[in-house]
Amino acid sequence: FNDSAGVGADRAVDELGIDVTELEANVDEDREANLRLLAEDGRNVIVGVGFMFTDPMTAVAAEYPDITFGIVDSVVDAPNVRSLVFAEHEGSFLVGAAAALKCGCDKIGFIGGQEIDLIKKFEAGYTAGAKYINPDITVEVKYLGPAGDNSAWGNVAGAKEIAAGWYADGVEVIYTAAGGSGAGTIEAAIEAGKWAIGVDSDQWATSGDAAAQAVILTSMLKRVDVAVFETFKAVAEGDTEGGIKVFDLSVDGVGYATSGDYLTEFIDQLEEIKQMIIDGEITV
């Protein structure tokens, strides 16, 4: 997720010739401190990656009205903040459809990180997409933690335990939207010889592991790189206005990966569904 944002920043350096500084938050307190550090350094656009920047950015953006801020995955109602949100439900609809098409089965699963509205969008889209293909399919759902439990994003063992149990119980495909926890689902898929679906980036491509690549059916792509680049580009061109910026299927803000060629026979059907969503014929 963060690497994807970094790709967008690197693209801005290459194509726009701007200077970008990247800071990482190792603990929660770092977020506000890093925002202030960049603001005091005279940066004219600052992007916070992740909804946990909501409160820190609300505070800092109010103190620096001449700086344009961007926040990924959240909405900050301020005139100088661009809220970069995604239609995760649309991309998840497509991987849900892909899961049902590929397995021809009656049981799939979804593992979420924190049980919050953001991740419920992934769950809702996935379930809707699968049921669009097979109305009788069962979708098992479990979350790794409640709202505020940041360990949910790095609970590899927890995800693996859930996934292994479901695979043993007849679940054929599991989609995990839980940050680093998803590695546990992939481990369980390898051991069970069943399918896993990645999230945010193309995990087939980023895994670099043949065993993992053999079980990653697809990934729901969330183009954080596009959102970050477009924010830098807008400000470079003089557009410093805030507001909500939605990255959906129509602008390739979300999508699905085809690495591994496991979906080749279904691409035409998935692309037809994608266009129907874009055209408003399917409302997710």
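Which residue just after α7 takes a positive phi? Gly-193 does, with a phi of about 70 degrees. The model is predicted.

- Five bridges hold the parallel pairing of β3 and β9.
- In general, strands of a sheet pair through backbone hydrogen bonds, and the pairing is either parallel or antiparallel.

- Val-246 lies in strand β9. Its relative accessible area is 48%, so Val-246 counts as partly exposed.

**Strand β8 and its partners**

- Seven of the seven residues of β8 are buried, so this strand is largely enclosed by the rest of the structure.
- Strand β7 (residues 195-200) pairs with β8 in the parallel sense, over five bridges. Within β8, Met-220 stands opposite Val-199.
- Strand β10 (residues 254-256) runs antiparallel to β8, and three bridges join the two. Here Lys-222 has Val-254 in β10 as its bridge partner.

**Salt bridges**

- There are 17 salt bridges in the structure.
- One of them joins Asp-73 to Lys-222, with the closest N and O atoms 2.7 Å apart. This pair links distant parts of the chain, its residues being 149 residues apart. Asp-73 sits in the loop between β2 (68-72) and β3 (81-86), while Lys-222 belongs to strand β8 (residues 216-222).
- Both Asp-73 and Lys-222 are buried.
- Another salt bridge is formed by Glu-187 and Lys-160, and its closest N and O atoms are 3.6 Å apart. This pair too links distant parts of the chain: Glu-187 is in helix α7 (residues 182-192), Lys-160 is in helix α6 (residues 156-168), and 27 residues separate them.
- Glu-187 is partly exposed, at 35% relative accessible area. Lys-160 is also partly exposed, at 24% relative accessibility.
- Glu-237 and Lys-233 form a salt bridge as well, with 3.0 Å between the closest N and O atoms. Glu-237 is exposed because its relative accessible area is 59%, which is over the 50% cut-off. Lys-233 counts as partly exposed, at 28% relative accessibility.
- Through shared partners, salt bridges join Asp-73, Glu-88, Lys-121 and Lys-222 into one network.

**Helix α7**

- Several residues of α7 are buried, among them Gly-182, Gly-184, Thr-185 and Ile-186. Ala-188 and Ala-189 in this helix are buried too.
- Glu-187 of α7 is partly exposed, whereas Ile-186 and Ala-188 are buried.
- Gly-193, with its positive phi, comes just after this helix.

**The disulfide**

- The structure has one disulfide. It joins Cys-103 to Cys-105, with a distance from S to S of 2.0 Å.
- The torsion about the S-S bond of Cys-103 and Cys-105 is about -70 degrees, so the disulfide is left-handed.
- Cys-103 is partly exposed, at 22% relative accessibility. Cys-105, in contrast, is buried, because its relative accessible area of 12% falls under the 20% cut-off.

Notes: Residues numbered from 1 in each chain as written. Predicted model: local features only at pLDDT ≥ 70, side-chain atom pairs only at ≥ 80, totals over all residues. Heavy atoms only, no water. Salt bridge = Lys/Arg side-chain N within 4 Å of Asp/Glu carboxyl O. Helix = DSSP H or I, 4+ residues; strand = E, 2+ residues; numbered from the N terminus. Buried < 20%, exposed > 50% of the residue type's maximum accessible area, 1.4 Å probe, protein only. Pairing = 2+ DSSP bridges. Disulfide = S-S within 2.5 Å.
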